[in-house]
Amino acid sequence: MLTLVFLDELLAMAAFGVWGWQHDPRWLLVWLLPLVAMFVWWAFASPKAPRGGPVVRPVAKVIVFVLASLALLDAGHPGWALALLVFSVVVNGLAQVPAISRLPTDALRGGSARTR
């Protein structure tokens with residue numbers, strides 16, 4: 001599940017790059033927009049975000065994924081925009097299921113309580 005969440009984040013950054021490629025100055029936007037999105041993710045949405053919190057983190061995630069989908073839509077890729085939005089909602093929703101969200105912690109402890 002964590003791999004899919006990471007893939008989703010990479011796809012969002014790529015969407016910003018696609019939008020930047022189609023606007024001037026192309027050479028600046030194609031790498032600057034994904035970098036800004038990565039900084040926002042690091043600062044507000046990542047699990048160890050210095051400015052994250054129980055309200056800020058989900059809001060930042062929604063903003064990044066919605067803007068990435070809108071970027072694809074504006075770049076002329078409505079199907080990909082919808083696919084990214086649906087994929088983001090499903091993957092991040094499943095990652096919030098308690099049994100799934102506990103997996104990284106359980107793995108660090110050497111397995112779940114049921115296997116001991």
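## Helix packing chat

Reply: Starting with the first pair in this predicted model: α1 and α2 run roughly antiparallel to each other.

Me: What's the angle between α1 and α2, and how far apart are their axes?

Reply: They pack at about 150 degrees, and the axes are 7 Å apart.

Me: Let's pick Ala 37. Where is it found?

Reply: In helix α2, which covers residues 26–45.

Me: Is Ala 37 buried or exposed?

Reply: Buried, because its relative accessibility is 7% and the cut-off for buried is under 20%.

Me: What does Ala 37 touch, leaving out residues up to four places away in sequence?

Reply: Met 13 and Phe 16.

Me: How far is Ala 37 from Leu 67?

Reply: In space, 9.7 Å from C-alpha to C-alpha; in sequence, 30 residues.

Me: OK, on to α2 and α3. How do they pack?

Reply: At an angle of about 160 degrees, with 9 Å between the axes. That makes α2 and α3 roughly antiparallel too, and α2 passes α3 in a left-handed crossing. The contact uses Val 40, Trp 41, Phe 44 and Ala 45 of α2, together with Val 56, Arg 57, Ala 60, Lys 61, Val 64 and Phe 65 of α3.

Me: Switching to α4. How many residues does it have, and how far does it reach?

Reply: It has 18 residues, 78–95, and reaches 26 Å from its first C-alpha to its last. That's close to the 26 Å expected at 1.5 Å a residue.

Me: Which α4 residues are buried?

Reply: Ala 81, Leu 84, Ser 88, Val 91, Asn 92 and Ala 95. They cover an arc of only 115 degrees around the axis, which puts them on the same side of α4.

Me: Why would residues three or four places apart point the same way?

Reply: Because an α-helix has 3.6 residues a turn.

Me: Which exposed residues are on the face turned away from the buried side of α4?

Reply: Leu 82 and Val 89.

Me: And what covers the buried residues of α4?

Reply: The cover includes α1 (2–21), α3 (56–74) and α5 (98–101).

Technical notes: Residues numbered from 1 in each chain as written. Predicted model: local features only at pLDDT ≥ 70, side-chain atom pairs only at ≥ 80, totals over all residues. Heavy atoms only, no water. Helix = DSSP H or I, 4+ residues; strand = E, 2+ residues; numbered from the N terminus. Buried < 20%, exposed > 50% of the residue type's maximum accessible area, 1.4 Å probe, protein only. Contact = heavy atoms within 4.5 Å. Expected span 1.5 Å × (residues − 1). Arc of directions from axis to C-beta. Axes fitted to C-alpha atoms, helices over the stretch in contact; angles between N-to-C directions. Parallel < 35°, antiparallel > 145°, perpendicular 65-115°, else oblique. Left-handed = near helix turned anticlockwise from the far one by under 90°.
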